Structure formats: C-alpha cells, structure tokens
Amino acid sequence: MFPDILALPFGKRECSIGPHGGPRRDAAGIRALRHFAVRCFLQPKHIASELWRENGRKPCSVAFGELYDLHDVASQGKCGSYEPLPFRIGRRRMESIYFVLTWLCHRRCRHCYDDRFRPYVRDELEQVVEQSQTNVPRIIDHLPESMMVTDSTGEKVKGRIIVSGGEVLLEPVRKSVLYPALEKIGSRYLGEVHLVVQTTGDRLTPRILDELLARNVSTISISGFDSYHVGINRPDRARALREQLLAMFEAAGVREAGNGPPGDDSPPLFNIFGANEDTWIGKLWPRGRAWKNGLSRAGMDDNFCNAWSGGLNFLEKGRTGSEVSIEPTGDVYPCCLKTRFPIGNLVHEHLDDIIDSLRDHPVYEAINRGKPETMGHAFGWTTERFLAESQIDTPQGRSYRNLCIGCDRFHEKVLGPMIESARQERLGQA
Ligand code: SF4
Ligand code: SF4
C-alpha cells in the first residue's frame, strides 16, 4: 500500500528515512522520500524542500518541522489522497511571524517579490529608514503577548520571529532598526522565541555576527544562493561566499541547522538557501519584479497557498503551524506572497484581534485550509469561476494560470470592501 519507506520522527528535530526505520542519510534515502512524495501527490516542496536543497547532503534537516507528519500519513493510510496531506504536514510547523523590517536593499533583483525592495538614496533613504524606526517598535507592541505555542501533542514550544528585509544588515538600518527590534523582541519574549535573522550574507562580518548572537539571535538564515542575486549568482562567487560564511560560523560556534546529533538542534544555527528550482520558492511567485519580468514558472498545480510561506494555518493562533507576514508599513498578510489587501495594520491594531476577527470568515477559513479556490463559495464564486479568474496574461503576453491570480481577482472584485468594513468594526468606527 505504501512506498517501502517510512519517515520516523527522532525527537523533535531529526528524522530518518529507511525501510526498517534505520537512518538513511544518503542520496538513496532522499530519492526514496521524493518517490514517496510523488506517490502521495505531494510536491517535494511541501515536504522537504529544505532537505535536499544542498544536493542531498542534509536529508534529515527539518528546520521548519515539515517532515514529522509523514509518519502519521504513512500509518493512517492516506497515501493517494491529496487533501489531507498538506494539512497534516503543515499542522506541526512552528508558529512563525515573518517580519519585514525595511524596504531598503542593496540589490534590485529581477526576481524579487516586491518592487519596494531596492536601494534608496538621500531623502528617500531617510524616509524609508524613518518609516521603519517609527513603525517597527509599534508593530512589536502589537504582536501576541506570548510566543509560546502548543503543538499537536499538547507540548508548549517556542514560536519563531524571522526578521528580514530587504537587507537588514545594511548600515542605515542595522543599528537604528534591526538591533533595537531584536532587543525589544528579546526582552518582550524572554526565553519564548526563536529569533531568526534573514540576510543575503554578503554583508555579514565576524563583528556583526557577534552583535547578532549577543542579541540572542538563534538562527542566521542566509538567502540568496541562486542564479538571481547579482554577486552571488556565479558559481565561483557563490563558492567563495559560502566558504567565507562557513569559516565565520565555525569560528563563532554557529552550527548548520540539522547537522547536529539527533534531537539536538540547539542554537545558534545557520542555514543557506536560495530561489532554486527544487525549493518551495523555486518557481517564483507571480509578484513584484518576478511578475513584471515574466519569471514565474508556476502553474495551476503550484498551490503556493498550501505550502510554506502560503496562507495555510495562518488562523491557528497559539498553535504550531500558524504564520503571518508583516511589512514595514505595519500591514499584515496571511501569506508572504501578500494578498491584494492586508488583513490589518499592526501599527494600529493587535495581531490577536485581527486574527480573532477573521476566524470563521469563509474566505479566510479557505485560505487557512490552503484551498484558495474555495474562498468565494459563500459569495457566489464557485470553484470553476475562481479557476477561470486565475488565468491572466503576463506583461510579456504569455498565458499564465495560478491560484494566487484568482485570489487577487477575488480580492479586487469582492473582498476589498468587506475587509475595510471589518477593520472599521474592529476600530469601533463603523
Ligand atoms: S530578492 Fe532579496 S536581495 Fe534581491 S532585491 Fe529582493 S530583498 Fe533585495
Ligand atoms: S492564494 Fe492568496 S492567500 Fe493564498 S498564497 Fe496566494 S495570495 Fe496568499
């Protein structure tokens, strides 16, 4: 009935793959897992994109907890049924807040998901920095009171806040925005949160690394090892940067996530990834410059909503698996791709209140289930209508179909006015 493999949880952070439950940390193990994924109609990115992104060197890294439930899936005989699997896999992910602190970046990558990530100079730079200095502390004040979340076994575990840009290590924002944010988050959630700093890595120095670790950063997440990031996109440059980073991490006692003994993933840790074909972001979202440049290769089978960074489980506040994304304006979204309209603004509102106001709302429940095609059922949009609205031409004139386009259209045509009225109600101004 099942493929001849089983994924077994080893403690909380390590998995092994093998026909007898024994560790299989090799390429064959990964192939078996991939085979399992395909047999179950799961896309590898839903399960283990983090696992084989480095040519299979780390089949058992579950930094984001996405592999645990393969055991449940296998033992409950759900193989072949598409629907329950992504939910099961997502269910135990750690609660996560993806917090973009600044629009400032030293690059203008052609695949970037938001046009606003770019270099700024003079007055514009001042404005962008000031926006973050003003908004970020207020946003932190409006985050949940506790970042401890309950997993499916009832155990309390630490949630995670990923701070990101742009590039948060650039001088204009590093000391004036990033460090105060880390300190405020750290003192607010003493011992209750994993703090992750996402950076392209080329601005990281031993001194900055020390400064981050002194502020209790538990993971340095290096993004940008792909063919798009200028300066990293050539193999020789990528190799040189990787070696430089590895040496820096080793000297500071920062270990690669998933490379420790089973059950021990204690910080500080690092990981390295990029928008490569076999990752969950590899096909590129139909957003920002990726969209304008016609780079997204996603189709209707690529349900970004039902995957890491998507809308899946965003309403499951207080439980592992919930995730929202925040931008420097304070606007908050159920997914990193960002819906056409935000669900609220954390400069003015508490995240808990926003989430509570959306619970049981048919549109957001559909997003929460990772099934955006059903979001309009209560409002006269059948699944067929939604799928038809998911078709669009790219700026280059190529026909393109993806569920996020249908979501955009539904927001524009139906949801926009409803969101505003819910917001006014929350603010007591209706
Ligand atoms: S992809 Fe990253 S590095 Fe490139 S412009 Fe966007 S935020 Fe900056
Ligand atoms: S379908 Fe909508 S909610 Fe889901 S990931 Fe796409 S934009 Fe976000």
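Around ligand 2 stand 13 residues, the closest of them being Cys305, Cys335, Pro372, Cys404 and Cys407. A residue is counted here if its C-beta atom, placed from the backbone, lies within 6 Å of the molecule. By class, this shell has ten nonpolar, three polar and no charged residues. Nonpolar means Ala, Val, Leu, Ile, Met, Phe, Trp, Tyr, Cys and Pro; charged means Asp, Glu, Lys and Arg; the others, Gly among them, count as polar. Helix 13 (residues 403-426) contributes the most to the shell around ligand 2, with three residues. Helices (H or I, at least four residues) and strands (E, at least two) are DSSP runs, numbered from the N terminus.

This is a predicted model, in which local features need pLDDT of at least 70 and side-chain atom pairs count only at pLDDT 80 or more, while totals for chains, interfaces and linings use all residues. Residues are numbered from 1 along each chain as its sequence is written, and chains are lettered from A and ligands numbered from 1 in the order in which they are written.

The shell of ligand 1 consists of Cys105, Arg107, Arg108, Cys109, Cys112, Phe117, Gly165, Gly166, Glu167, Thr200, Gly224 and His229. These divide into four nonpolar, five polar and three charged residues. Gly165 and Gly166, both in this shell, are joined by a cis peptide bond with omega about 15 degrees. Gly166 belongs to the loop between strand 5 (156-164) and helix 6. Another cis peptide bond runs from Pro267 to Pro268, with omega near 5 degrees. Pro268 is in the loop between strand 8 (255-256) and strand 9 (269-272).

The chain as a whole has 13 helices and 14 strands. Of its 430 residues, 48% count as buried, meaning that 20 or more other C-beta atoms lie within 10 Å of a residue's own; with 12 or fewer a residue is exposed, and in between it is partly exposed, C-beta atoms being placed from the backbone. Among contacts with a separation of 6 or more, 66% are between residues 24 or more positions apart. A contact requires C-beta atoms, placed from the backbone, within 7 Å.

How do two of the helices pack? The axes of helix 5 (residues 122-141) and helix 6 (residues 171-188) come within 10 Å and cross at roughly 5 degrees. Helix 5 is therefore roughly parallel to helix 6. Axes are lines fitted to C-alpha atoms, for helices over the stretch in contact, with angles from 0 to 180 degrees between N-to-C directions. Angles under 35 degrees count as roughly parallel, over 145 as roughly antiparallel, 65 to 115 as roughly perpendicular and the rest as oblique. The residues in this contact include Leu125 and Val129 of helix 5 and Val173 and Val177 of helix 6. By class, the contact has ten nonpolar, three polar and two charged residues.

Met248 lies in helix 8 (residues 235-252). Is Met248 buried or partly exposed? Met248 is partly exposed, because 18 other C-beta atoms lie within 10 Å. Apart from neighbours within four places in sequence, Met248 touches Leu204, Pro206 and Leu209 in the contact sense. Met248 and Arg207, 41 residues apart in sequence, are 9.9 Å apart in space, C-alpha to C-alpha.

Methods. Contact = placed C-beta atoms within 7 Å.
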